[in-house]
Amino acid sequence: MKVNNPGKKDLDQLVMLEQETFPEAEAASRESIERRLKAHRETFWVLKKDGRIIAGINGITTNEKDLSDAMYTGEDFYDKKGRWLMIFGVSTLPDYQHNGYAAKIMHEVLQETVKCKLDGVVLTCKENMIPFYEQFGFVDEGVSESEHGGVVWHQMRIRRRDIKRDYKQDVIDCIVIVVVAAVLAFLLGRFVILNCNVPTGSMLETIQLGDNIIGSRLTYRFSDPERGDIAIFKWPDDESQVYIKRIIGLPGETVEIIDGKVYINGSDTPLKEDYLSDEARTDVRSFGPYQVPEDCYFMLGDNRPNSADARLWENTYVKRDKILAKAEFVYFPFSQITWLGNGAEY
């Protein structure tokens, strides 16, 4: 069972809990509970069993240091950023008493007090209940001025520094955070992004030797690769290796390289490749023509004189399902952060 904050739908059960655990003179009215629930639901805590509220604690946060009867009758003392938590009631249905349910909720409330960095918690109780609260570290400050219900109340207080931390829960919380982070990282890496380091200079000057790249796995799940994209893919000669090159030829196209210039489908005009450096343009070799099969792509590096790309591979073309991601940007070194875009036209 988990301690939770109740909602509006729980009003009837909260009223029943109040009526069955406190004498009529001490119990809050339905109107009062409804008002409190609406104003400060976050300072209500309940424990449910089979959908039924069996125990609960409620109160307010305030900057007042002592609990007064006036706090029960209105919301004037309530301050969401108050330093003290004033507990109005700790209750357990008669059939569920002496099973540690109230203690479980009190433990959770005290741990939340620590997490929220409140100064502490104050409550009033009858003399016979003093030992119960002392087990949590509450200190009896003597008889209160409260006349609530016409009985004698003792005010008890515990300061944040005296609350025993639940380090076991802290460890569990840390483990959960680490596990969730690891799962998210795995899912992101498996289905959303791809992180890779470029170990060669085959894409100079667009991508530098040693740059770290983020690629989008999602891009090619919703659209086809386009000419000019920088793609991350499995090398067709050895699929255990991942390469990064620029898409030049699309499925069904004819690609020919004449004097270092790329021509698509026999065009008289060479492919416009503004991303190539002056040094890359010194490569005046000729290759092809290449007839790109359906569902395949022809890849070249931007550093044409020094790129082991489709011109030299045994298996010339990259199949569509072997393209892992579209390279989106260089993220490291930070001085080289660059968005990578398209740019090949003919």
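Since the model is predicted, local features need pLDDT of at least 70 and side-chain atom pairs count only at pLDDT 80 or more, while totals for chains, interfaces and linings use all residues. Residues are numbered from 1 along each chain as its sequence is written, and side-chain values use heavy atoms, with hydrogens and water left out.

Let's start with helix 1, residues 11–21. Helices here are DSSP runs of H or I with at least four residues, strands are runs of E with at least two, and both are numbered from the N terminus. Which residues of helix 1 are buried? They are L11, L14, V15, L17 and E18. These residues sit on the same side of helix 1, because they cover an arc of only 160° around the axis; the arc is taken from the directions from the helix axis to the C-beta atoms. By buried I mean under 20% relative accessible area, with exposed over 50% and partly exposed in between, using a 1.4 Å probe and protein chains only. And what do the buried residues of helix 1 pack against? Their partners are helix 2 (30–39), strand 2 (44–49), strand 3 (52–62) and strand 4 (84–92), where contact means heavy atoms within 4.5 Å.

Now to the largest pocket, which has a volume of about 760 Å³. Of its 33 lining residues, F22, V90, S91, M129 and Y133 are the closest to its centre. For the record, a pocket is an open set of points on a 1 Å grid over the protein atoms alone, where a 1.4 Å probe fits and protein lies on both sides within 12 Å along at least five of seven lines; lining residues have an atom within 4 Å of a point. The volume is the space filled by probe spheres set on the points, which are joined across faces, edges and corners. Strand 4 gives the most to this lining, six residues. Helix 1, strand 4, helix 3 (101–115), strand 5 (120–125) and helix 4 (130–134) each supply at least two.

Next, the aromatics. Rings of Phe, Tyr and Trp (its six-membered ring) pair if their centres lie within 6.5 Å, and planes under 30 degrees apart are stacked, over 60 edge-to-face and the rest tilted. That rule gives 13 aromatic pairs. One of them joins F132 and F136 edge-to-face, at 5.4 Å centre to centre with 75° between the planes. F132 is partly exposed at 22%, whereas F136 is buried at 15%. The rings of Y133 and F138 are also edge-to-face, with centres 5.9 Å apart and planes at 75°, and both residues are buried. F132, Y133, F136 and F138 form one aromatic cluster.

Last, the backbone. The peptide bond from G288 to P289 is cis, with omega near 5°, and P289 is in strand 15 (residues 287–291). The bond from F332 to P333 is cis, with omega near 5°; P333 is in the loop between strand 18 (323–332) and strand 19 (338–339). D50, in the loop between strand 2 and strand 3, has a positive phi near 55° and is exposed at 79% relative accessibility. D295 has a positive phi near 65°, lies in the loop between strand 15 and strand 16 (296–300), and is partly exposed at 47%.
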